[in-house]
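I am opening a notebook on a structure that is new to me. The entries below record what I looked up, in the order I looked.

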Amino acid sequence: MTTTPESPPSTPSGADQRRNEIVASAARLFDEFGYGNTSMQQIAIAAQMAKPTLYHYFSAKDAILFQVHEEFIDILIRQFRGRALRSTGLRDRLVGAMTDILTLMDTHRGHVRVFFEHHRELPAEQQRLIRAKRDEYEAMLVGVLEDGRARGELILDQPRLTALGIFGMCNWAYQWYSRDGALAPAEIAERFGSVVLDGLSPRGD
């Protein structure tokens, strides 16, 4: 039996790359100055293009804002699904999800602030789309906790409440996390994971 070689991974087109550069530039500006204080002209300058050219890629500022939100949540969903295919271990999947969120503080700093502070500026339909993806991601984490409970690895009666607590620990970190701090994102995630899985009180015999 002959096998067909796998197709090489697709690479972004020039237009897609340019759009990605625009979104990255805008996210940095939104992080530094706030969404409301950033103009399309400023985004064009940061992306090193004329303002009319910017409108060729994005019809309005809220279209860029939506793209920032979608990139952020799509990264988390994609990484969560990929880890689920590689591992069924509770600690690996839970701490891995926390690491994903915290790592974005380094790699997508502007996206993080925008996602948590500027979702209300999205048009109603785009808010609905992003909310659906947020709910999907939340459900995946709840599913991991429910699986841990079913296996007897966790004792909890409110998996969703626990998931919200985990998100609260990680999501708020953008307010205080520093790249110059003593701990890297993965190390912070390990410590957060220990709080969730092992608790704070010393175990008895």
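**Entry 1: the record.** Which residues does UniProt list for "domain: HTH tetR-type"? The unreviewed entry gives residues 16-76. I also found "DNA-binding region" in the unreviewed entry, listed for residues 39-58. I note that UniProt positions are given in the numbering used here, that feature names are shortened, and that annotations may be inferred rather than shown by experiment.

**Entry 2: ground rules.** This is a predicted model, in which local features need pLDDT of at least 70 and side-chain atom pairs count only at pLDDT 80 or more, while totals for chains, interfaces and linings use all residues. Residues are numbered from 1 along each chain as its sequence is written, and side-chain values use heavy atoms, with hydrogens and water left out.

**Entry 3: the whole chain.** I looked up the secondary structure and found 9 helices and 0 strands. Helices (H or I, at least four residues) and strands (E, at least two) are DSSP runs, numbered from the N terminus. Along the sequence the pattern reads α-α-α-α-α-α-α-α-α. The C-alpha atoms fill a box of roughly 70 × 55 × 35 Å along the principal axes.

I then looked up burial, where buried means under 20% relative accessible area, exposed over 50%, and partly exposed in between (1.4 Å probe, protein chains only). Of the 205 residues, 40% are buried. The accessible surface comes to about 11900 Å², and 51% of it belongs to carbon and sulfur atoms. These areas come from the Shrake-Rupley method with a 1.4 Å probe, and for residues only the protein chains shown count as cover.

Contacts came next; a contact means heavy atoms within 4.5 Å. Among contacts with a separation of 6 or more, 68% join residues 24 or more positions apart.

**Entry 4: the two listed spans.** Residues 16-76 are 79% helix and 0% strand, and their end C-alpha atoms are 20 Å apart. Residues 39-58 are 70% helix and 0% strand, with end C-alpha atoms 13 Å apart.

I checked Gln48, which is found in the loop between H2 and helix H3 (51-57). Gln48 has a positive phi of about 60° although it is not a glycine. Is Gln48 buried or exposed? Gln48 is exposed, because its relative accessible area is 70%.

I also checked Asp16, which is found in helix H1. Asp16 counts as partly exposed because its relative accessible area is 38%. The C-alpha atoms of Asp16 and Tyr57 are separated by 9.3 Å, although the two are 41 residues apart along the chain.

**Entry 5: the core.** A nonpolar core is a set of buried Ala, Val, Leu, Ile, Met, Phe, Trp, Tyr and Cys residues joined through side-chain atoms within 4.5 Å. The largest one has 59 residues, and Ile43, Ile64 and Tyr137 touch the most other members. Elements giving two or more residues to this core include helix H1 (14-33), helix H4 (61-86), helix H7 (124-150) and helix H9 (185-198). H4 supplies the largest share, 11 residues.

What does Tyr137 touch beyond its neighbours within four places in sequence? I found Ile73, Leu76, Ile77, Phe80, Ala97, Ile101 and Phe167.

**Entry 6: helix H6.** Why is H6 largely enclosed by the rest of the structure? It is because 7 of its 9 residues are buried. They are Gly110, His111, Val112, Arg113, Val114, Phe115 and Phe116. The buried residues of H6 pack against H1, H4, H5, H7 and H8.

I looked at Arg113 in this helix. Arg113 is buried because its relative accessible area is 18%. Leaving out residues up to four places away in sequence, Arg113 touches Asp31, His118 and Tyr174.

**Entry 7: two loops.** Pro123 lies in the loop between H6 and H7. Pro123 counts as partly exposed because its relative accessibility is 31%. The C-alpha atoms of Pro123 and Ser13, 110 residues apart along the chain, are 28 Å from each other.

Ser178 lies in the loop between H8 and H9. Ser178 is also partly exposed, at a relative accessible area of 34%. From Ser178 to His69, 109 residues apart along the chain, the C-alpha separation is 22 Å.
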